[in-house]
Amino acid sequence: MTELERYVAPTTLAAAIDCLKDGEVTILAGGTDLTPQTRAGRMRIKRTLMNIRRIPELKGIALDGGAIRIGALTTITEIMDSALIAKHLPVLVETCRHFASDQIRNAGTLGGNLCNASPAGDTAIPLLVLGASVELASKPEDKIYRRSIPLSEFFVGPGQTRRSLCELLTAVTVPLPAPGHVARFHKFGTRVGLDISTVSIGIGGTLKDGALAAARVAFGAVAATPLRAAQTEAALEGQRLDAAAIARIAAVARDEVHPIDDVRATAWYRKELIHNMTKRMLENVAQA
Amino acid sequence: MNVVAKKPRTIPESSLIGTRIPKMDAPEKASGRTRYIHDINLSGQLYGKILRSARVHARIVAIDTSAAKALPGVHVVLTAADVPDQRPIGVARDHFPLKGDRVRSQRDEIAAVAAESEEIAAAALKLIKVVYEDLPVIADPEDAIKPGAPLLHPAPAGAQPAGATVAHRGKADNIAMRFDYAHGDVVQGEAESDVVIEDTFKLHYVTHCCMGVSGMIAEFDASGSLLMYSNTQVPFLHKREFAEYLNMDPARVRIIQPPIGGGFGSKLDIYPFEVICLFLARAARRPVKLVFSREEEFLASPTRQPVLLTLRSGCKKDGTLTFRQVHTLHDNGAYTSWGATTPFVMMQTFSSLYRVPHCDYHTVAVYTNNPYAGSFRGYGNLQATFAIEQQMDEMAAAIGMDPLAFRLKNAQHTGEVTGQGMEFKSCGFTDCLNTAAQRSDFSRKFADNAAERNQPGHLKRGIGMASMLHVGGGAKIYPSDGCGTILKMDDFANVTLITGASEIGQGSETVLSQLVCEELGLPISALTVVNNDTAITPWDVGVHASRTTFIAGNSAIGAAKKAKTKILAVAAQKFGCTAEELDLRGGCVIKAADGEVVTELSKLIRNLHFSDKAELVMTTFYYEPPSVHQGKDYKGDVSAAYAWATQVVEVEVDTDTGIVRMLKVTGAHDVGRVLNRLGIEGQVEGGIVMGQGYALTENLMIENGVMKNPNFRDYKLITAPEIPEMDVSFIESMDGEGPQGAKGIGEAPAICIAAATANAIANATGVRLYDLPFTPERVYRALHGQTPKLYWKPWVPAA
C-alpha cells in the first residue's frame with residue numbers, strides 16, 4: 001500500500017551517508033513528526049526508510065573547545081537533563097520545558113526538530129539567539145566531508161532547509177556565551193505543553209549597565225521560517241532598557257514581522273503578541 | 001456436659017448512602033482490560049471504510065467503483081445504487097446513509113468498502129472515482145433563510161408518495177424545524193419594565209471528543225439474525241430503528257454495548273456509518289468492523305448545536321423580572337439530528353430558571369452545508385444559560401443591585417409551578433446560590449475586582465456566577481421514560497441485577513448496586529450487574545437526560561423491595577414471627593427491634609431452594625416516572641424532579657495576551673441526595689472540565705462548510721495543568737420521588753461554566769463577551785475595542 005521498498009538501520013555514519021546517495025530516502029530519527037505526518041497523508045515515505053538511531057556518533061553532548069556540540073540524535077529530554085546545557089545554555093533548557101509533552105520529548109530529537117523546519121519549531125529560536133551552527137556531513141568520494149552553516153542561514157521555507165538530499169545533519173554546535181550573557185525564551189500558548197506556537201520569541205545578549213550588547217532576537221511562527229530579527233536587534237543593541245526604549249524596541253519588533261492568518265491566530269494578533277511579549281521580556285531583563 | 005449459652009449476635013444499623021464507593025469496574029479499566037469496540041474482533045471479520053465527499057455541496061454526476069472492486073482483498077463496494085432499498089435516516093428522516101445524487105456536507109458518505117484489512121479498504125477508497133458538479137455553498141444560516149436562497153433539500157423531479165419523508169419529497173424552504181413557545185404576554189411585561197436589555201449571543205461548534213472513536217461491528221448469523229456491537233446510548237429504540245432500515249424483524253436484532261468509549265449524547269442518534277456497516281455485513285455475509293480514524297471522528301460526528309440568539313429581558317427597579325423574549329437561529333447543518341431539538345431544553349431555562357411572568361421563545365433551525373449538530377451533555381442548556389446568566393448580571397448592574405441579591409430575588413422555590421408547567425417539588429436553588437456565594441466570598445471579591453480593574457498591571461482578577469435548572473428525574477421525551485429490572489438471588493445470597501440501564505462509563509453499575517444493597521442489607525461485593533445487551537436486559541429508554549440514577553435506580557429499588565418482601569415472608573414463616581418484626585442487615589435476617597441475628601440470609605435462601613416446594617428469589621420491576629409527555633405547546637411537568645446548581649468561576653485575565661486562566665470553581669449542586677459520594681464528585685468535576693473546554697479552548701472551526709481543525713493539535717481540549725481548583729458542595733433537598741431522595745445530575749455540572757466565566761471576565765475587565773469560546777485572541781480583540789457589538793435582528797419567517 002506504500003511505495004516504501006526498503007528499511008535500513010546503518011550503524012555507522014559512513015554507511016548512512018552512502019545510503020543517502022540514492023536520493024529517495026526518508027530519514028527516521030525520533031519519528032514524532034514523521035509518524036503522524038505520513039499517517040495523515042501529508043507526507044510520503046520515500047523508497048528507502050533509514051533509521052539513523054543506531055549511529056553512536058550522532059549522540060551525546062560535549063564541550064568541544066569554545067563550543068558545545070550537541071549530537072543530532074540528542075533527545076529533547078536529554079537536553080533538559082544535561083548539566084552541561086543547564087550550566088552554559090540555560091535558555092535551551094527553558095525552551096525544552098515548553099516542548100510538546102513528556103512522551104514526545106523522550107523520543108523527539110534536536111536534529112529532527114531542526115530538519116523538520118517548522119516555522120513554529122521550538123528549538124530553533126534559542127539556538128538562533130545563541131548563534132548556533134549546524135554540521136552537515138556528506139561523502140562525495142571516499143571521505144566524509146563536513147560543512148558547518150549558521151542556523152540563521154539553514155532554514156529556507158516551511159519544511160525546507162539548505163541540507164541537500166545527500167547530507168545528514170550530524171550535530172549542532174553552540175559557541176559558549178560570553179560572561180554576563182542572558183537569554184530568555186517565550187512561547188505563547190494557553191497550555192504548559194502540547195501547544196504549537198502562535199508566536200515564540202527569543203532574546204539574548206550580554207547585559208551591562210542595563211543594556212544588552214551583542215543582542216540577538218529571534219521570532220518563531222511569524223514567517224515562513226524561524227528568523228533573526230535584524231531591525232529589532234539593531235534597535236536593541238546597547239540601548240539602556242528604560243520604559244521609552246522598551247516601547248520603541250517593541251514597536252520595531254511589531255513592524256518587523258509579517259505573519260499570516262491561520263487556524264491558530266490572525267496576523268494582526270500575532271503582531272500584537274510580538275509587541276506585547278517583546279516588551280514584557282525586555283522589562284524582565286531590565287529588572288534583572 | 002458443659003453447656004455455655006451462645007451470646008446472640010447483633011448487627012448495628014448502617015447505611016451505604018452518601019459513602020465513597022469505588023466504581024466496581026475500576027480495576028478492569030485501570031488495568032486496561034475493559035474492551036473498547038476496537039478491541040473486539042470476530043473471526044472472519046472484514047474491515048469497513050467509507051468514502052466521504054470531497055466537496056461541500058455538489059451534484060454527484062458519476063461514481064466509478066470498478067477499480068476498487070477489482071482490488072484483491074476487497075469483498076464489497078457499495079454505493080447508493082447498490083442499495084436501492086435504503087431508507088432515509090435521522091431525526092427528520094432527511095438523508096440516506098449513502099448519498100446518491102447530491103452531497104450536502106463535507107462528511108457525506110458516497111461509497112463504502114469491506115475488505116480483508118484496513119489497509120486494503122483504504123487503498124480501495126482511493127480507487128473510487130467520483131465526478132462532481134459543484135453547487136453554491138450555503139455556509140451561513142442567515143443566508144439560508146433569506147427568501148430565494150438556494151434550497152438544500154429541493155423536491156426531486158416526479159410525484160412523491162404522500163407522507164414521504166424529507167429525503168424523498170424535499171423541502172420548499174431551508175427550515176428544518178421551528179419551535180414557538182409562550183406564557184403570559186411579553187408586551188405587557190415590557191410595559192411594566194423599568195429596564196430592558198437586548199443582546200445577541202453567538203455559540204460555537206464543539207464536539208464530544210469521546211476517548212474511543214465511533215465504531216460498529218455487525219454480524220448476521222446463519223439464520224439471518226443480526227448481532228451488533230455498538231456504543232449506542234439508546235439500544236432498545238435503535239434496535240427497532242435498525243430493523244426498519246434493514247426491513248427485518250426487530251426481534252432478530254441484538255445490540256451489545258461495550259461499556260467504554262464514551263457517549264456524552266453523541267450516540268443518541270443513528271448515523272450513516274452504522275447503517276452502512278450493516279449494509280456491508282449483509283452484502284459480504286461476513287462480520288464487518290467499521291471504526292473511525294480520529295480525523296473522521298471529528299469530521300463525521302455530531303457537534304454541539306451552534307446558536308445565534310437574541311435575548312430581550314426586562315425587570316423593575318426593585319429587581320423583579322418582568323419578561324423575556326428569545327429568538328434563536330439554529331444552524332441545522334445539512335441534515336437534522338437532535339441538535340435541532342435543543343429548544344425543548346433551552347426554553348425551560350428561559351421560562352423557568354427564574355420566576356418570569358411573561359416569556360416568549362422562538363427557534364428556527366435552518367439547513368446549511370455545515371456539519372450537523374446532535375445531542376451533547378446539557379442539550380442546549382449551556383447555550384441558553386450563557387445568554388440568560390449574562391443578562392442577569394447586566395440587569396443587576398443596570399438597577400444597581402448585587403448580582404447575588406438579584407438572583408435570590410427571582411429564584412425559584414419549592415412548590416412553584418412555572419409558566420411552562422414544571423412543578424418544583426424539591427428545589428434547593430436558594431441554598432445553591434447562598435452556598436456557592438459564601439464559600440467563594442463572592443460579593444466581596446466581586447466588588448474588589450471591579451474597584452481594582454483600572455489599576456496598573458496586565459493581570460486582572462474576576463469572579464462571576466451562573467446558575468442552572470435541568471431535568472433531574474428523567475425527561476419524558478418519548479411517551480415512556482421507564483426502565484426495567486430483573487433481580488435474582490443465588491444460594492449464597494449474592495444478587496445478580498439485570499438492568500435495562502446502559503453503563504457507558506458514568507458509574508451506574510456501582511450506584512444501582514448500592515441502592516439494592518441498601519434495601520437488602522448486603523455488602524457491595526454481593527452484587528453482580530448484567531447490562532448492555534438487549535437480548536438479556538429488560539427494556540429501557542436509554543442513557544441520556546441525566547436519567548439513569550433516578551429512573552434505573554428506582555427500578556432497581558422496586559425489584560429489591562419485592563425480593564425483600566418475599567425473603568422476610570419466608571423467614572417470618574420459618575421463625576414463627578411476623579415479617580414486620582424482621583429486617584435484612586449485614587447479609588443476615590435480623591430482628592428489626594434490636595438487630596439480633598435470626599439467620600444468615602444465604603442459609604435461608606438455600607433452605608428455600610433445596611426443598612420439594614422450592615421457590616426462587618427472583619423479582620422484576622418496571623419503573624415509570626410520574627412525569628408528563630409535553631403537548632404541542634411544550635407545557636407540562638416533563639421530569640419527575642429538577643436539579644439545580646450555582647457555580648462561581650474565578651479567573652485571571654492577561655490583558656497583554658487575552659489569556660484567561662480559570663483559577664477556581666466553587667459549585668453548589670442540588671443533587672437531591674448524595675448516593676455514591678466518590679461517583680458524584682467525579683461526575684461534577686468531569687462536567688466542570690467539559691464546561692471549561694466549551695468556555696475557553698474548544699472550537700471546531702468551520703469555514704465555508706470545511707472543518708479547519710479536525711485534530712487534537714488545533715482542537716484544544718483542556719489538559720490537566722489547566723484544570724482549576726474546585727470546591728464542590730452538595731445541597732441535599734431529599735426529593736420525594738428520587739431513589740433515596742436523589743436526583744440525576746449527569747449533565748448539570750457542565751452547564752454554568754461558560755456563562756460564569758463570561759461574567760468573571762466582565763468583572764475583571766469591564767468588557768463583556770457575547771460569543772464563545774474565550775480564546776486569547778477573541779478576548780484580546782474585545783479588550784482592545786476590536787470587536788463590534790454582535791447584533792442579530794430576529795427574523796422569523798411566517799410558519
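For the classes of lining residues used below, Ala, Val, Leu, Ile, Met, Phe, Trp, Tyr, Cys and Pro count as nonpolar, Asp, Glu, Lys and Arg as charged, and the others, Gly among them, as polar. The model described here is predicted.

By class, the lining of the second largest cavity comprises 3 nonpolar, 3 polar and 2 charged residues. The volume of this second largest cavity is about 40 Å³. Its lining is formed by T207(B), H208(B), C209(B) and C210(B), together with R294(B), E297(B), F298(B) and S301(B). In total, 2 cavities of 30 Å³ or more are present in the structure. The largest cavity holds about 110 Å³ of space, and 15 residues line it. Of these lining residues, S214(B), S266(B), K267(B), Y271(B) and F273(B) lie nearest the centre of the largest cavity. Helices α8 (272-284) and α9 (294-300) of chain B are the elements that contribute two or more residues to that lining. The lining of the largest cavity divides into 5 nonpolar, 7 polar and 3 charged residues.

Strand β12 of chain B spans residues 288-291 and is covered on both faces. On one side V288(B) and L290(B) are buried, and on the other K289(B) and V291(B) are buried. Two strands of chain B pair with β12(B), as follows. Strand β1 (residues 46-52) of chain B runs parallel to β12(B), with 2 bridges between them. In β12(B), K289(B) is the residue that stands opposite Y47(B). Strand β9 (residues 215-220) of chain B is antiparallel to β12(B) and is joined to it by 4 bridges. M216(B) has L290(B) as its bridge partner in β12(B).

Backbone geometry was examined next. Most residues other than glycine have a negative phi, and most peptide bonds are trans. In chain A, A117(A) is not a glycine, yet its phi is positive, at about 55 degrees. A117(A) belongs to the loop between α7 (110-116) and α8 (124-129) of chain A. A117(A) counts as buried because its relative accessibility is 1%, the cut-off for buried being under 20%. A positive phi is also found at A221(A), where the value is near 65 degrees. A221(A) is placed in the loop between β13 (211-220) and β14 (227-228) of chain A. With a relative accessibility of 12%, A221(A) likewise counts as buried. In chain B, the peptide bond between L772(B) and P773(B) is cis, with omega about -10 degrees. P773(B) lies in the loop between α20 (753-765) and α21 (776-783) of chain B.

The interface between the two chains was also described. The size of an interface is often given as the accessible area lost when the parts come together. Between chain A and chain B about 2,000 Å² is buried, and 57% of this area is on carbon and sulfur atoms. On the chain A side, the residues that lose the most area to chain B are R191(A), V263(A) and W268(A). Together these three residues account for 30% of what the chain A side buries. In terms of contacts, 21 residues of chain A meet 22 residues of chain B.

Definitions and conventions
Residues are numbered from 1 along each chain as its sequence is written. Chains are lettered from A and ligands numbered from 1 in the order in which they are written. This is a predicted model: local features need pLDDT of at least 70, side-chain atom pairs count only at pLDDT 80 or more; totals for chains, interfaces and linings use all residues. Side-chain values use heavy atoms; hydrogens and water are left out. Buried means under 20% relative accessible area, exposed over 50%, partly exposed in between (1.4 Å probe, protein chains only). Two strands pair if DSSP finds at least two bridges between them. On a 1 Å grid over the protein atoms alone, a cavity is a set of points where a 1.4 Å probe fits but cannot get out, and a pocket is an open set with protein on both sides within 12 Å along at least five of seven lines; lining residues have an atom within 4 Å of a point. Grid points are joined across faces, edges and corners, and a volume is the space filled by probe spheres set on the points. Contact means heavy atoms within 4.5 Å. Buried area is the accessible area (1.4 Å probe) that two parts lose on being put together, summed over both.
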